[in-house]
Amino acid sequence: MSKKPRSLVRAAFSAVTLVMTMLLLSGCGNYMVLDPKGPIAEKQLDLIIITVILCSIIIVPVLIITFIIVWRYRATNKKADYKPEWAHSNLLETIWWGIPIVIIIVLAVITVRYTHELEPAKALASDKEEVTVQVVSLNWKWLFLYPEEGIATVNTLTIPEDRPVRFEITADSPMNSFWIPELGGQIYAMSGMSMALHLQADEPGTYFGTAANFTGEHFENMNFQVNATSDAEYEQWIQEAKSSPNTITDESYEEMSKPTEKEEPTLYSSFPEGIYERIVTKYMHDGAELHQHGSASADETDAAADTANANSEEDSSAHKGH
Amino acid sequence: MLDNIKEFASEFFVTGDPLIYGADVSIVLATLGIVFVLTYFKKWGWLWRDWLTTVDHKKIGIMYILAAIVMLFRGGVDAVMMRTQLAFPDLNFLEADHYNQIFTTHGVVMIFFMAMPLMFGLFNIVVPLQIGARDVAFPFLNSLSFWLFFAGAMLFNLSFVIGGSPDAGWLAYPPLSGTQFNPGVGQNFYIWGIQISGIGSLASGINFIVTILKMRAPGMTMMKMPMFTWSVFAASTTIIFAFPILTITMLLLFLDRFFGAHFFTLDGGGNPMMYINLIWMWGHPEVYIVVLPAFGVFSETVATFARKRLFGYASMVFAMVIISIISFFTWAHHFFTMGSGANVNAFFAVTTMIIAIPTGVKIFNWLFTMYKGRITFPTPMMWTIAFIPAFVVGGMTGVMLSVAPADFQFHNSYFLIAHFHQVLIGGVVFGYFAGLYYWWPKMFGFKLNEYLGKWAFWLWNIGFYVCFMPQYLVGLDGMTRRISVFSDPDWQGLNVASTIGAYIMGLAFLFQVAQIGYSIFRHEKDTTGDIWDARTLEFSIPSPAPEYNFAVIPQVHSRDEWWEEKERRARGEKPWQLGPIEPIHMPKNSAIGPIMGAFWFIAGFGLVFHWLWMAIPGLLGVFVCMFARSFSAHKAEYYIPVEEIERTEAKLRGGAV
């Protein structure tokens, strides 16, 4: 190698090291997924850490071995062995088929267990009463309905801390995805479907909520604040919403569901009963009944799927997964 | 009348954006420039006879690679524009709708019109030479495949200035890509651009399978094939099972959009989830289709530049075959969050993890090919070595994504974006660059300048990490893909860093262009045909290879036949016993390939705008071409006489055969 490329190599190494150090230092900041505020996000983080550790068992030695081999067996190092015909070893190949297989088996067992445990449709264990929020993705805003309280909001979500929240999610827009990273993973919002997602905020605070699946032109404006409050503040907030002059009617929903570029957070004191169910079933034929996609108990799911089967053959094709 | 024309033109041409006017002007100027140069130097005949109508696999390969580099430029400009917007979202460099078009075309161009043609380019140039064949099994079909790809690519790129680009993401999920939410012609360009080039890809897959199965030199059993050929075989097999799914999916989407069918609509009994399943049943195998040949390239370069046999050949073959089979059983990991239920998610999570095993084994085998070797570091080897850490880290984030419940936190975030760019650039792009540098002397008879190549290499690598490492972090901080503005000030710094990386990669690309330009005028000539002291048959013939490739087909005895032959000669043993030169049977050039491509383009353009008066004659033209070919196929062959072969060989080898 001539002189010039070698100094180039050195410059490149130092540049990369510098950038990596900067990244690691900035890595100490609070990244939402790494800074969970609820039980689901916590378990998901545990799982992420387990995966990284298991992978590192292979990755770290591989990176070190790569460096050593490339350095030691460079052609200019005449002291190193040279065995051009050596190209097979049963022992070595067994080792590197074996170790990844063992690691993947371990990871697979953990994953399968967690997949069942963290099934988003499963209710969270808690001695406190569950809150239900119905979520509708519209172009380009989120509509939140609180069926128990009869109030609604757009682009802002308030939930009581330390109480499980059951989100029922649908879309009156192209397929979207509903995500509050600090509380837990996302689930798709799809028309003609009601998806269940159970989350909980362990402490009061303001969290970031966002849309994660592209729905068209002003998709970027579909984020919202999640306020987790004490029970008392929650009650107070409900009263505040109830006194809002804004209401949702079937007609005003029609207006609301039309595309708008950007919506400010708004409270609504009422909405027509059953509007969520009507939104979900709006695209089905023959008034097929609402079916919950992945509801709390297996029995319920089957029953719902059966209803769907009975009503519409086409719909059933989407539920073969159960 | 004039008003009508005005109105038509304002919808037909994309208007209003100065960036697009700039592009319009440069496209017109470049076209005029090309036409002028060709006319001035009287090169039209040369272009038509020697290139456009050729059925020679080497020339078709070069045309593929040329087109791929142009598309890499286009896709790269898209990327740099997106990164500019994201570094300074407040400046509104791109409006939301323009941004949405650009991320859509970036994805489509990079996968369909950059990675695929670069891959087919390498297939074409290398496979026949590596297995000791004179061309591919179906040379005319090969030309047709290229022209279908080219027609599709041009049709898709035209949407930039005519009619408007698609803007529903690179996989165009309905209902967003349906007429309800996307009434313009952009999605039609998407469908027909992909459909036409997809037929070409399928034909190429068949062509290379047959070539590899039927046209290997005598003595080259399957288990003596060079590893790149094995990777082409694995990728082509995957193509013939995966691409029909894409064709049908695009056809159904077309029926929805054109005839108002309800396969994927919300109402009328349609189901958008079916599209998402179908497109990923193609889409997941597709990523293995493009990465397997890169694995093949690394297997060649690592053995050549470590001057050692490839370690664990049988393991390598087995790993590759396993990867291409399992790749068909992992598609649902692209939508764990669609609510398929725990059992379905668990199944697809486990199948996805399983792929990590054979991939890991391949890494170990490459490492132990270098172990006790004598490693030199010309550019192809540098790309090979850089691939290992890039792919290992990308593989780890891939395993992280495969853990279904954790994926709920990564899905559609920048963590995912960083992951797939890391494996696609670190795996596919690095691999194809390694291949391009490695076989460049075989294509053109000279080596690319190493000094500029090393600059390009380091800039690419630095840019790559600076661009994508921050994206993992910003993804963990909740930033989702496909947004052109963001409100969280914490994301700004990481996005600026990522943009700097993108610009460094852009600079690296310019270095490569400069490298090619410089090397055309000042270069080291490849006089021996074996400039790397390599191991496989393609290096036993002169560079560039004569049109018939091998004057006499050699008899193969071992895996690294050319290396063994050199060893035998060095030991003073008898060299290859090559038989006498006989007249060589060759395919004739055919104009039907480019003409049929042009008809497909016309038909596609008509279907995009729902102009049946244009689409129907276009499709008729396609059928006329098929008939013409059927009735002229028997005249499409000729023999090269022995004297001519002897003359050529004497010239190329300086007298000695």
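The model is predicted, so local features need pLDDT of at least 70 and side-chain atom pairs count only at pLDDT 80 or more, while totals for chains, interfaces and linings use all residues. Residues are numbered from 1 along each chain as its sequence is written, and chains are lettered from A, with ligands numbered from 1, in the order in which they are written.

**Chain A overall**

- Chain A carries eight helices and 12 strands; helices (H or I, at least four residues) and strands (E, at least two) are DSSP runs, numbered from the N terminus.
- Of the 322 residues in chain A, 39% are buried. Buried here means that 20 or more other C-beta atoms lie within 10 Å of the residue's own, exposed means 12 or fewer, and partly exposed is in between, with C-beta atoms placed from the backbone.
- Take the contacts in chain A between residues at least 6 apart in sequence: 68% of them join residues at least 24 apart. Two residues are in contact if their C-beta atoms, placed from the backbone, lie within 7 Å.

- Domain 1 of chain A puts 10 residues into the contact and domain 2 of chain A puts in 13.
- On the side of domain 1 of chain A that touches domain 2, there are six nonpolar, two polar and two charged residues. Ala, Val, Leu, Ile, Met, Phe, Trp, Tyr, Cys and Pro count as nonpolar, Asp, Glu, Lys and Arg as charged, and the others, Gly among them, as polar.

- All six residues of β2 (residues 141–146) of chain A are buried, so the strand is largely enclosed by the rest of the structure.
- In a regular strand, side chains alternate between the two faces of the sheet. In β2(A), A:K141, A:L143 and A:L145 point one way, and A:W142, A:F144 and A:Y146 point the other.
- β1 (residues 131–138) of chain A runs antiparallel to β2(A), with five bridges; two strands pair if DSSP finds at least two bridges between them.
- The β2(A)–β3(A) hairpin has four residues between its strands, and A:G150 in the turn has a positive phi of about 75°.

**The five-stranded sheet**

- This open sheet of chain A has mixed pairing and the order β4-β10-β9-β6-β7.
- Its edge strands, β4 (156–160) and β7 (184–189) of chain A, each pair on one side only.
- From one strand to the next, the twist averages 20°.
- Helix α4 (residues 231–242) of chain A packs on this sheet, touching β4 and β10 of chain A, and its direction makes about 140° with that of β4(A). Axes are lines fitted to C-alpha atoms, for helices over the stretch in contact, and angles run from 0 to 180 degrees between N-to-C directions.
- Inside the sheet, β9 (residues 205–211) and β10 (residues 224–229) of chain A run antiparallel, joined by five bridges; A:T206 is partnered by A:N227.

**Contact with chain B**

- Here 87 residues of chain A meet 87 residues of chain B.
- The elements of chain A giving two or more residues to its side are α1 (3–26), α2 (39–72), α3 (90–117), β7 and β9.
- By class, the chain A side has 52 nonpolar, 25 polar and 10 charged residues.
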